[in-house]
Amino acid sequence: VVAGVEAVAASMIRHALITCSPDGHYIAFAHAKQIRLFNTRNSQFVHLARDGKDEPMHTGNVRVLKFDGQSLHLLSSGDDKNVFVWNCGSGKCIGRKAMNKKISAGQFGPNGKVIVADKTGDVYCLSFQSYSTKETKSNGSTGSDIAEMQSDFLLGHCATVTDVEIVKQGEKMLLATSDVEKKIRISQFPSCYEIVSFCFGHKAFISVLNRAAFKTEDGSSIPLILSGGGDGTVRIWEPKTGNLLDTYRGLIEMPASIDSKSVGGKRPRVDDESKEFQSSSDSGSAESQIVGGLTVSRWQNLTAVWTQGDKKIQFLKVNLGTLKPHCSIELEDMPVCMAFDPQARLWVVVLRSNKDIGVEVYGISEDQLTMKKLEVHESLRSKLFTTIDLDAQPLTFEFSEMTRPRKKPRVNDMLPNNQKV
């Protein structure tokens, strides 16, 4: 019985974040209130400090962890409503902003701008009064003082924003924002009052967004948006029109009532699709159907997908408008989060059986048909964080509670006890 209780307690450690810098020189990890920045060139951790003081980085669970396009800065934010920007070279905090609501998603935008979204559905753009990447790159710091960032309102959702992504469409920049009400909004950036399209199709909340791009013969790039949700599906969209190009349902087990032939090759009829997700949502295993990780590599748009509560990671090939299965790997320990680096190596944060958090790395095999486990630095194999918070849970748990249908009370239940039939 004691072993069973420990197993349940260990399985509760599900909150962690990971992100890789675009140049591959830094890997950032977060668990609960802790952030660790690893320098892959010297295999050492960068000490993060606020204004030269060893103050706690965050006082609430970290929900956002992103690098900028130049791999110079790291963005962090979360439940304490504070937004911080860190210099990767020096580890110093160079910018901050105290928001009014808990932050649920964030991303770096062009020209050093920071985009954050809160749980009420509002999206803001934060910016420095003066932002110079050249000064930061040469000196390793933008100054000893922490700059207070300015905030401007961009747009609003009627529900919690779950993720944000910036997409380049020709000369224009588009902002994709997803929410718990199953939709993705595509807006012009920074004039986000101009709505480009909406993407509808998920049968549950959208948990994660990512982007892919294809080079054409004339050198132009065709952008695509990928999304994963609480319905256990991965979908690919054309952001300019909002068209759903393809849906991958291989992450969930098909109910016996659904003909797999009608779902595998072509998009099923609406009535078949509604039965599929109604059956899966009634099964009581909603956690195993939530797409908890969706990361895209530069190598042929290889995409890794993971559902919460599953030790298997599936790899898809994203072609123009299609999602095709490539291979899969089964891990010994439970994955918590994952991210590709520029060399198409998959970094996975795993929960060890002894309630410890470590890192595993997987790379493309010589035949390019499978993924193989690679060596990882000893400082990352275990004890990645000094303390483990058993109460820290991912936001997808809250999303599930928000969207879970509630039973309507029967008339008999509302009557006093002496009047019940």
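1. Strand β22 (residues 291-296) is largely enclosed by the rest of the structure, because five of its six residues are buried. Buried denotes under 20% relative accessible area, exposed over 50%, and partly exposed the range in between, with a 1.4 Å probe and protein chains only. Strands (E, at least two residues) and helices (H or I, at least four) are DSSP runs numbered from the N terminus. The model is a predicted one, in which local features need pLDDT of at least 70 and side-chain atom pairs count only at pLDDT 80 or more, while totals for chains, interfaces and linings use all residues. Residues are numbered from 1 along each chain as its sequence is written, and side-chain values use heavy atoms, with hydrogens and water left out.

2. The partner of β22 is strand β23 (residues 302-307); the two run antiparallel and are joined by five bridges. Pairing requires that DSSP find at least two bridges between two strands. Within this pair, Gly 293 stands opposite Trp 306 of β23. The two strands form a hairpin with five residues between them, and Gln 300 in the turn has a positive phi of about 55 degrees.

3. Leaving aside residues up to four places away in sequence, Ile 18 touches Ile 27, Ala 28, Phe 29, Cys 337, Met 338, Ala 339, Trp 347 and Val 349. Contact here means heavy atoms within 4.5 Å.

4. Twelve salt bridges are found in a search of the whole structure, each being a side-chain nitrogen of Lys or Arg within 4 Å of a carboxyl oxygen of Asp or Glu. One of them joins the side chains of Arg 63 and Asp 79 at 3.2 Å, N to O. This pair links distant parts of the chain, 16 residues apart: Arg 63 lies in strand β5 (residues 62-67), and Asp 79 in the loop between β6 (73-78) and β7 (82-87). Both Arg 63 and Asp 79 are buried.

5. Arg 211 and Glu 165 also meet in a salt bridge, at 2.4 Å, N to O. Arg 211 is in strand β18 (residues 206-215) and Glu 165 in strand β14 (residues 161-169), so the bridge ties together parts 46 residues apart in sequence. Arg 211 is partly exposed at 43% relative accessible area, whereas Glu 165 is buried at 4%.

6. Between Arg 352 and Glu 360, the closest N and O atoms of a salt bridge are 2.9 Å apart. Arg 352 is buried, with 17% relative accessible area, and Glu 360 is buried at 5%. Shared partners join Asp 333, Arg 352, Glu 360 and Lys 373 into one salt-bridge network.

7. The structure holds zero disulfides, a disulfide being a pair of cysteine sulfur atoms within 2.5 Å. The cysteine sulfur closest to that of Cys 20 belongs to Cys 337, and at 9.9 Å it is too far for a bond. For Cys 192, the nearest cysteine sulfur is that of Cys 125, 8.1 Å away. Cys 20 is buried at 12% relative accessible area, and Cys 192 is buried at 1%.
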